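These are my notebook entries on what I looked up in one structure, written in the order in which I went through it.

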Amino acid sequence: MSNDVSVAGLPSTPKPVICDFCGAERYTEGINLLGTRILWCPCGAEPCTCPEGITQYEREEAEREAIRQREEQEKANSLMRERVRKITGESGMGERFLQRTFDTFVTETALQKQIKAFAQDYARNFESMLPKRGKPLYGRNGLMISGTKGTGKTHIAAAIANQLLSGGTAVICMTERNLYDRIKRTYSYDCGENESDIRRIYETVPLLIIDDLGKEKASDWTLSTLYAIIDGRYERAMPTIITTNYDVPNLINRITPPAYNKEIADKTTAEAIIDRLFEMCESIVMKGDSWRSR
């Protein structure tokens with residue numbers, strides 16, 4: 001019922017609010033509950049229908065929606081961090097990974113400085129790259145970091161992970177081998193977890209980092225598992241970071257299971273994985289001498 005209607009024996013309606021723009025009176029809507037009391041709208045007086053009033057209302061609604069989405073995202077992040085902790089610990093990273101930050105990344109060349117600045121921007125703007133309901137997809141929101149050994153690929157990926165973790169974002173950062181080993185642990189009868197739960201977390205965590213892709217000996221199982229994870233993240237438009245020592249042709253060969261006759265090895269699935277990664281990821285090539293040899 002409208003505020004300009006009185007009900008005998010019930011409290012008077014809230015006073016009208018004057019529009020700041022046109023001076024019109026704005027009333028609070030209420031519902032008569034069986035003649036015993038009136039339930040007034042908790043939002044207060046209705047917005048004015050003048051152009052300025054509508055603009056203000058829409059702006060305030062957008063601000064409220066942004067707060068709601070932020071709170072919803074924080075709740076989802078908290079639940080995901082708890083799920084990741086149960087599966088991998090805080091992030092799956094070992095002590096050496098945890099020590100790799102942007103502060104400890106040494107920049108001696110212009111290329112290293114450029115890559116560090118790019119990675120810092122990536123971490124800083126990560127939230128805006130996550131898929132959001134009702135909004136266009138960001139585009140390439142992952143990174144494909146390749147280059148020879150010891151050039152800082154893992155360090156840059158771990159630095160991104162550590163910065164995001166410090167801000168409360170759930171991250172999984174693992175070598176390819178550890179990624180598979182964590183799934184294989186579910187095959188134990190007393191594990192208490194199942195493979196589909198682990199895979200789903202790999203597919204839905206805000207950021208998945210797979211370090212040293214191509215190092216693990218390929219099999220039909222590793223190929224199908226890797227495809228399922230990458231395809232799951234591809235379909236959800238979730239950010240993924242890959243580090244590898246191999247260029248594209250060699251990486252395809254490395255993740256393709258060996259065949260009895262190497263001439264007929266089926267590379268279709270491996271090629272599909274790489275195609276998805278390059279659609280999902282910006283490419284970074286790191287060059288230089290190995291830090292480990294110094």
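This is a predicted model: local features need pLDDT of at least 70, side-chain atom pairs count only at pLDDT 80 or more; totals for chains, interfaces and linings use all residues.

**Entry on two helices**

With that term in hand, I looked up where H6 and H7 meet, and I found Asn178, Leu179, Arg182 and Ile183 in H6 against Glu195, Ile198, Arg199 and Tyr202 in H7. Sorted by kind, the residues of this contact are 4 nonpolar, 1 polar and 3 charged. Two packed helices are described by the angle between their axes and the distance between the axes.

**Entry on Tyr202 and the core**

In soluble globular proteins, nonpolar side chains tend to be buried together. The largest nonpolar core here has 30 residues, and those that touch the most other members are Ile172, Tyr202, Ile210, Leu213, Leu226, Ile255 and Leu277. Among the elements that each supply at least two residues of this core are H1, strand E6 (171-175), H6, H7, E7 and H8, while H10 gives the most, with 5 residues. Apart from this core lies another, of 28 residues, among them Ala123, Met129, Leu143 and Leu164.

**Entry on the largest pocket**

Next I looked up the largest pocket, which has a volume of about 860 Å³. It is lined by 26 residues, and the closest to its centre are Glu72, Gln73, Ala76, Leu130 and Pro131. Which helix gives the largest share of the lining? I found that it is helix H1 (residues 51-88), with 13 residues. By kind, the lining divides into 8 nonpolar, 7 polar and 11 charged residues.

**Entry on two backbone angles**

Most residues other than glycine have a negative phi, and most peptide bonds are trans. With this in mind I noted Asp212, which is not a glycine and yet has a positive phi of about 60°, and which is found in the loop between strand E7 (207-211) and helix H8 (220-236). Ala237 also has a positive phi, near 60°, and its place is in the loop between H8 and strand E8 (240-244).

Is each of them buried or partly exposed? Asp212 has a relative accessible area of 22%, so it is partly exposed, whereas Ala237, at 17%, is buried because the cut-off for buried is under 20%.

Key:
Residues are numbered from 1 along each chain as its sequence is written. Side-chain values use heavy atoms; hydrogens and water are left out. On a 1 Å grid over the protein atoms alone, a cavity is a set of points where a 1.4 Å probe fits but cannot get out, and a pocket is an open set with protein on both sides within 12 Å along at least five of seven lines; lining residues have an atom within 4 Å of a point. Grid points are joined across faces, edges and corners, and a volume is the space filled by probe spheres set on the points. Helices (H or I, at least four residues) and strands (E, at least two) are DSSP runs, numbered from the N terminus. Ala, Val, Leu, Ile, Met, Phe, Trp, Tyr, Cys and Pro count as nonpolar, Asp, Glu, Lys and Arg as charged, and the others, Gly among them, as polar. Buried means under 20% relative accessible area, exposed over 50%, partly exposed in between (1.4 Å probe, protein chains only). A nonpolar core is a set of buried Ala, Val, Leu, Ile, Met, Phe, Trp, Tyr and Cys residues joined through side-chain atoms within 4.5 Å. Contact means heavy atoms within 4.5 Å.
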